[in-house]
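Thanks, everyone. Have a look at it first.

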Amino acid sequence: MGQPLKRKEDLRLVTGLGKFVDDVKLPGLAYASILRSPYANARIKKVDVSKAVVLLGVICALTGEEVAKLTDPFLQISPAPANKVKDYCLAVEKVHFVGEPVVAVVAETRGIAEDALELVNVEYEPLDHVLDARSALNPDATLVHEQVGSNLVFHGTWNYGDIEGALKEADKIVRAKLHFHRFSSTPIENNGVVVNYDRATGFLNIYCNNQMPMFCIPWLSFGLKFPSNRMRMITGDIGGGFGTKIISYPYIALICLLSMKAKRPVKWTEDRREHMFANHGNERSFDVEVPVKKDGTILGFKVDAYDDCGAYTRYEPAGATIWAQVSPGVYHFSNLKVDFFQVMTNKAPVGPNRGYSRMQHLWMIERSVDIVARELGLDPSEVRLKNYVRSDEMPYVTPSGGIYDGGNYAESLRKAMRLIDYDGLREEQERARKQGKMIGIGIATAVDSGTNNFGQVKILTDDNPFSGNSEAARVSIDGLGQFQVGLGTVPQGQGHETFAAQIVADEFGVSPDQIAVLMGFDSAINPYSHQSGSYASRSAVMGTGALLGASKKLKEKVSRIGAHLMKTKAEDIELKDGNAVDKVSGKKIPLRQIANVAWVNNLLLPEGMEPGLVATHYWKPNFTLPDKKWRLNQTLTYSYQTHIAAIELDPETGKFRILRYVIVDDCGRQINPMLVEGQVHGAAAHGIGAAMFENFEYDENGQLKSNTFIDYLVPSAIDMPHLITGHLVTPSLFAPMGIRGVGEGGGTPLGAISNAVEDALAPFGIEISDSHQNPQHIHKLIRDKVSKSKREN
Amino acid sequence: MKSVTRSDIVQVKCKINGKEYTGVAEPRLLLVHFIRDELNLTGTHIGCDTGHCGACTIFMNGKTVKSCMVLAIQAQGADITTVEGLADGDKLHPIQEAFWENHGLQCGYCTPGMLISGLYLLQRNPDPTEDEIRRGIEGNLCRCTGYVNIVKSIKAAAKKMQSEGGKSAQQM
């Protein structure tokens with residue numbers, strides 16, 4: 001514990017022996033390819049696959065019409081009437097976004113399957129489309145799903161304290177209209193599914209890279225009308241997920257159907273364009289009012305938020321509403337009103353993405369705090385220090401019932417300011433401005449909440465059948481005294497094999513090298529709960545809870561056997577260096593001898609004891625359901641980060657570069673500091689990429705313009721700055737061992753960079769209202785401002 | 001479009017990681033698919049199909065290529081090294097050790113390409129600056145690490161390789 005142990009996973013990964021889903025090969029494997037919609041909204045008039053299926057090497061094709069007969073629409077978690085959305089694995093009757101799957105073909109090779117798609121004839125009747133959340137709410141707007149009768153998925157009002165009173169009491173009301181753009185973490189490995197429908201056993205053996213495979217089971221089982229006890233979910237190494245591989249169940253269902261129809265194992269590997277067409281993060285716009293005092297005290301926030309979830313709801317609106325985990329950000333105000341609308345449009349459906357829904361909200365707050373500072377003529381650091389929740393207020397209860405589990409936000413800002421030499425930078429900025437150079441400094445502090453409470457979905461409808469959270473772990477010692485650990489947590493690069501070995505090794509007084517941890521996940525082998533998976537920065541905390549529980553049970557049994565063999569009391573036994581030691585007499589026997597007795601020498605066991613040394617534990621945090629005002633503690637841990645970016649912007653081009661970038665994070669006690677640091681870097685890279693480069697842009701026809709890595713710009717090594725990091729360690733007040741989730745980072749760079757850009761542009765008096773800092777756009781803002789002031793003069 | 005028939009299929013012979021391989025390929029088959037699917041060397045990965053992500057980077061005749069940008073038939077007679085060929089038996093190449101020791105990978109999907117590009121850089125420039133390292137791996141995208149620990153790993157690899165007299169930098 002606390003050691004920067006090298007990862008157990010890495011040996012196979014650096015030698016090319018990783019086991020990713022596209023590496024799965026089965027005898028008789030056939031390959032699927034998917035034809036996708038070229039229209040944003042259209043009626044399907046006719047689908048003709050007759051030419052495709054006679055092509056040499058084609059095994060079968062599947063159409064939406066067949067899917068509608070074979071399956072039920074996927075479960076919806078929206079309240080009525082949005083729960084009338086009919087979501088199938090292939091479009092039925094209508095297409096709703098460019099890239100929606102329409103027809104699938106299975107062939108002997110991927111190439112033949114793709115050739116066959118060119119022989120499929122689909123006749124469409126194009127319809128009007130709607131591409132913007134606000135206009136989608138107009139009464140005469142085109143309907144994405146006609147049977148719903150509206151494009152509204154969910155409207156809810158979170159109202160705490162007295163925001164109207166605060167607006168009256170304020171010295172000033174700061175207003176902003178903000179827009180958070182569409183992007184996604186775009187893991188380098190795309191989605192993939194291999195299904196082998198085994199007709200002999202009636203099992204669907206499903207190999208995939210879904211991050212929450214057991215959570216998908218209700219969607220798959222009810223959708224496919226296939227018994228869940230014959231669905232086996234298997235994952236191996238996953239080439240990055242970041243949330244985007246959670247809602248892949250439509251693809252899994254599709255490949256299941258294809259394997260059943262083809263009577264062959266079938267593989268589908270998404271290509272990059274397919275990924276870009278159908279995996280987006282939530283887009284959101286905000287109207288914000290912030291009542292403030294002259295001295296910078298923030299009295300509250302009044303917000304109208306419009307979230308665009310694209311053409312299908314999938315995990316929405318459960319996902320979008322988790323912004324309320326961090327309702328006040330890091331600030332101490334009690335008056336909060338958020339009117340939240342989630343709306344469907346004819347764009348790609350959204351899903352979880354690193355920082356999911358909280359980053360949109362936190363960016364809105366961090367952007368607003370800087371606007372407050374600017375309008376009051378105060379330094380942004382001053383306004384933050386004045387309004388942060390103080391460390392002596394911890395645990396701090398937020399207006400929406402979140403219980404922040406410790407931290408010192410002011411110290412994290414001070415530390416970041418020292419690391420970047422804030423005062424020196426301000427002086428440099430001043431000097432630079434005199435020479436016509438534009439330097440900007442941007443601060444953001446965000447809460448990085450982890451281990452979600454699914455009880456939040458009861459806000460949407462009381463009968464949503466999930467709440468709380470849970471995870472499973474199994475620890476076993478075999479008859480030769482060798483340890484094996486199985487977890488439910490489905491890793492995608494976070495090093496779960498390493499941390500699990502560290503935790504269990506510490507518990508049993510052995511070395512981590514002696515612990516074999518099962519790689520990947522297999523529902524027929526690993527223990528699991530239906531909430532198992534890697535999401536919501538939960539695995540370290542949930543996995544640790546489950547591992548500690550299983551270790552405790554197993555240690556008790558080992559101690560009882562050891563005590564019996566040494567004729568002493570179980571409570572006097574200590575496990576140390578691979579032995580059970582009697583603390584009183586100093587006598588010891590090796591664990592392998594106890595294991596031998598437990599399994600195959602079992603006539604020596606204490607009377608009545610069950611043989612074997614296997615313990616499984618299912619751990620759940622203490623969560624509650626929401627109250628009538630929707631207050632609840634929505635996550636168990638609340639890590640936080642402060643970022644400061646210093647940039648230099650060229651007003652001639654609108655382009656800017658990062659001069660220095662500092663991060664101070666606090667995720668409580670660290671199991672493995674090396675892994676924590678890696679997560680902090682990765683989250684920062686996603687935020688910086690999103691703020692500076694990545695943007696899913698649609699044209700007026702609903703065509704996605706940035707659909708490859710040619711036009712959707714993922715930062716390369718030369719785009720990324722060197723990251724200067726610092727840590728605070730404030731143990732969690734509630735999580736096992738004082739650890740906290742880490743890894744999503746709260747989208748902090750989006751705030752730091754947009755604040756830095758606005759600060760750089762201060763001489764022009766330009767306000768930044770978008771989360772994406774596109775040089776062309778910045779250049780236009782400057783040009784417009786300059787020509788406006790010329791006109792005025 | 002007409003599907004490819006057996007008569008279009010070409011036999012491709014090449015040397016990979018010091019071993020002679022013979023496989024069959026349609027003329028349109030990309031080298032990366034040939035290596036992964038025909039020869040079962042799955043360490044080389046695919047991430048973008050457009051030559052941007054670099055996950056499929058390999059050595060071909062001493063230079064790095066993105067194997068999704070080369071047809072299998074263009075590799076006729078070529079001398080290729082993939083990630084599987086970096087280690088010497090059980091002994092890891094210094095660049096593999098350096099990535100492991102410096103947490104230069106998380107999910108490990110971009111790693112094979114990153115190792116190859118990193119090594120190619122060190123063959124040409126045994127003691128690169130941070131800026132030169134960043135330029136050297138510009139064609140390889142990583143979404144997990146923010147590149148910080150990759151840069152650190154390549155620096156560490158440079159040191160290791162210098163201390164053993166540049167033996168492991170020989171042509172691949």
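One definition to begin: two residues are in contact if their C-beta atoms, placed from the backbone, lie within 7 Å. Keep in mind, too, that this is a predicted model.

Take domain 1 and domain 3 of chain A. How many residues of domain 1 are in contact with domain 3? The count is 12 residues of domain 1 of chain A, against 10 residues of domain 3 of chain A. Helix α7 (residues 213–224) of chain A gives the largest share of the domain 1 side, four residues. What about residue classes on that side? It has seven nonpolar residues, five polar and no charged.

Now step back to chain A as a whole. It has 19 helices and 29 strands. Its radius of gyration is 28 Å, close to the 28 Å that the globule rule gives for 793 residues, so chain A is as compact as a globular protein of that length. Along its principal axes, the C-alpha trace of chain A spans about 100 × 75 × 50 Å. Of the 793 residues of chain A, 59% count as buried. And consider the contacts in chain A with a separation of 6 or more: 80% of them come from residues 24 or more positions apart.

Next, one sheet in chain A. Three strands form an open sheet, in the order β4-β2-β6, and the pairing is antiparallel. Which strands are at the edges? They are β4 (94–95) and β6 (121–126) of chain A, and each pairs on one side only. Strand β2 (residues 42–48) of chain A pairs with β6(A) over six bridges, in the antiparallel sense.

Last, the contact between the chains. It takes 47 residues from chain A and 46 residues from chain B. On the chain B side, α2 (94–101), α3 (111–124), α4 (130–136) and α5 (148–163) each supply at least two residues. By class, the side of chain B that touches chain A has 22 nonpolar, 15 polar and nine charged residues.

That's the tour. Over to you.

Methods: Residues are numbered from 1 along each chain as its sequence is written. Chains are lettered from A and ligands numbered from 1 in the order in which they are written. This is a predicted model: local features need pLDDT of at least 70, side-chain atom pairs count only at pLDDT 80 or more; totals for chains, interfaces and linings use all residues. Ala, Val, Leu, Ile, Met, Phe, Trp, Tyr, Cys and Pro count as nonpolar, Asp, Glu, Lys and Arg as charged, and the others, Gly among them, as polar. The radius of gyration is taken over C-alpha atoms; the globule rule is 2.2 Å times the number of residues to the power 0.38. A residue is buried if 20 or more other C-beta atoms lie within 10 Å of its own, exposed if 12 or fewer, and partly exposed in between; C-beta atoms are placed from the backbone. Two strands pair if DSSP finds at least two bridges between them.
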